[in-house]
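Student: Please take a close look at one part of this model, the aromatic ring pairs and the helix packing that goes with them. I would like one connected account, with the cut-offs behind each term.

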Amino acid sequence: MSFAAFSKDFSSNMFTSVENQFITKYLPQADGDAVRVYLYGLYLCQVSGDFDAQTCAKLLHLSEQKLLEIYAFWEECDLVRILSRSPLYVEYLPVNAAVGRPKSIRPEKYAAFNREFLQILQRAQKDFKPYEMQRILEFLENNPMEQQAFLLVAQYCAKKDGERLSCAHILNKATKLVREHKYTYEQVEADLADFHLREKELSRLYTLLGISKKPQENDYTYLEKWASLGMEDGAVIACAEFLGKGSLATLDSLVTELHEKNARTEHEAREYLARRKEEADTVFLVARKLGIKIGNPRTYCEEYAEKWLERGYDAESLSLLASLAMKLGYGFAEFDGMLEGLYSEGIVDEQSVRDYCSARDRQLRLLQKIQTSCGVIRKTQSALDMLGTWRSWNFSEPMILEAAKRASGATAPLPYMNKLLSEWKREGITSPEAIPDQTHLPSARKEVRSEAAVSADARTERERWYAARRRAALAHAEQAIAKANTDPAFSRAETAIKKGEIELAKAEVFAPDTLPDLQAKLEQAKIARKNALARLQLSEADFAPHYSCPKCSDTGFLPDGRMCDCYDKR
């Protein structure tokens, strides 16, 4: 015995703790005397002093036999252990370790319940095994749910499942309600009424997404999640309409995205989705024009398309500019840089963009003519700007081409042309006829040439020769493409393939369920394109350049970096 103890005054001010599991699981199925005995005994466990069973029974207005019967009941529930019956000595056990011993179920207690439950099974044309009925009665014995409330759950499951009704489904649904502390008929009825409303909502989403199965129990967690995020039902429906096809997981990703963008009402959701579609279409349009294949457009939307559209560029303007950028070999980053420059110059509306693209196209054509005389010149923004500068000096195309002829032997043709044109501008020469035989430019003095200069001129001549051969090969391929594009069947198939590839890329991100159908349509378009080519007596090989030298593809260099010998054999 301990050398110290609480005084009676101290003990009277203490608290007796009762585990919540006792209140939720055991208290509802015990009568008042059993609860009083359990709680008073729990109190006695925490205070010191002698207190026998006779005194306890007298204090609680019970007989000693009744007290013993009550503790026997709690022993069956594994909440106490009777160590001695005479004299009575009881040991309390923790509630969280109690499992309860199997107790015999009185048939008369569930006679009415069994009749009504069997009627539900008959209407559903279902028959439960004896062990399944035993599980249901054990559930009612061990849980505080009313019998009529459980029958309501069974009716709901039978209506929902029909011939697929199972004991497990009924018990799972009832267990879920018990966990939510819904035991009475009124509580269960209210929950199931709300469940029916949500079932209609879920069925509508299934229809919009093209899902043919019936709503499943786990699918309702999505509705609960979206409601907890503050999303309006109309916003969720707008997302389902936007997707058209897919799964609830796909829909959940889109709804979560809207929540992150603070678009929770239906109006906000529809505005955001319309903008999102416009941005995605813009990304795919630009990517197709640039010759770039992309998967998920979201990153490109956030980094590029959103900014372009906010600045006022429409689809037609972006299409024209992207076509121009493709000729310059640009990617998304370079194209974005080009738009930055145009925006700073105020070139935004469609007409100004058309004028800009037309001017650049003329410059590109002029650059190609210059290449005929000077060899390969990179198509860069600075090269085009230089052509624009010469035009601003009021030099005509013949004058610029005359300068190109005279720069044919130069190592750096464009700087050399710039010197010539600058000299002619200073001297007021505006036509080729007015150009004197000799100029005062350093290039006119060719009597002293270094070995490096001679080597550079030879290299330029070599590049010009290969450039001419490549242009001839490309011209053959362009003629084949032009011939194919005049055929309506080929054009339709080509358009369908490009559209199908874009839709396929979108579906990989937004609607994976639609991939098989889209892939089938894409294959049909490819077959139609192949048939059209056969009718036109063309093949895919005709669309590729036929180079004169298969070893170097008319570049002058072999794959291993060595120079090709085809130039020496010319």
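Tutor: Of the contacts in the protein with a separation of 6 or more, 64% are between residues 24 or more positions apart, a contact being a case of heavy atoms within 4.5 Å. This is a predicted model, in which local features need pLDDT of at least 70 and side-chain atom pairs count only at pLDDT 80 or more, while totals for chains, interfaces and linings use all residues. Residues are numbered from 1 along each chain as its sequence is written, and side-chain values use heavy atoms, with hydrogens and water left out. The secondary structure comes to 24 helices and two strands, which are DSSP runs numbered from the N terminus (H or I over at least four residues for helices, E over at least two for strands). The protein has 570 residues, and 39% of them count as buried; buried means under 20% relative accessible area, exposed means over 50%, and partly exposed lies in between (1.4 Å probe, protein chains only).

For the part you ask about, the rule is that rings of Phe, Tyr and Trp (its six-membered ring) pair if their centres lie within 6.5 Å, with planes under 30 degrees apart counted as stacked, over 60 as edge-to-face and the rest as tilted. The count under this rule is 22 aromatic pairs. One of them joins Tyr71 and Tyr92 edge-to-face, at 6.3 Å centre to centre and with 85° between the planes. Because Tyr71 belongs to helix 5 (residues 64-76) and Tyr92 to strand 2 (residues 88-92), this pair ties together parts that are 21 residues apart in sequence. Tyr71 counts as buried because its relative accessibility is 5%, and Tyr92 is buried too, with a relative accessible area of 17%.

A second pair, between Phe139 and Phe150, is tilted, with 5.6 Å from centre to centre and 45° between the planes. Phe139 sits in helix 7 (residues 130-142) and Phe150 in helix 8 (residues 147-161), eleven residues apart, and the pair links distant parts of the chain. Both Phe139 and Phe150 are buried.

Helix 3 contributes Asp33, Ala34, Val35, Val37, Tyr38 and Gly41 to the contact, and helix 5 contributes Lys66, Leu67, Ile70, Tyr71, Phe73 and Trp74. By type, the residues of this contact between helix 3 and helix 5 are nine nonpolar, one polar and two charged, where Ala, Val, Leu, Ile, Met, Phe, Trp, Tyr, Cys and Pro count as nonpolar, Asp, Glu, Lys and Arg as charged, and the others, Gly among them, as polar.

Helix 7, which holds Phe139, packs with helix 9 (residues 167-179) at an angle of about 10°, with the axes 10 Å apart. That angle makes helix 7 roughly parallel to helix 9. Here Glu132, Arg135, Ile136 and Phe139 of helix 7 meet Cys167, Leu171, Ala174, Thr175 and Val178 of helix 9. The residues of this contact of helix 7 with helix 9 divide into six nonpolar, one polar and two charged.

Two further details concern a ring and a backbone. Arg311 lies over the face of Tyr343, at 4.4 Å from the ring centre; a charge sits over a ring if NZ of Lys or CZ of Arg is within 6 Å of the ring centre and within 35 degrees of the ring normal. Most residues other than glycine have a negative phi, and most peptide bonds are trans. The peptide bond from Ser86 to Pro87, however, is cis, with omega near 0°, and Pro87 is in the loop between strand 1 (80-85) and strand 2, the strand that holds Tyr92.

Note on methods: Axes fitted to C-alpha atoms, helices over the stretch in contact; angles between N-to-C directions. Parallel < 35°, antiparallel > 145°, perpendicular 65-115°, else oblique.
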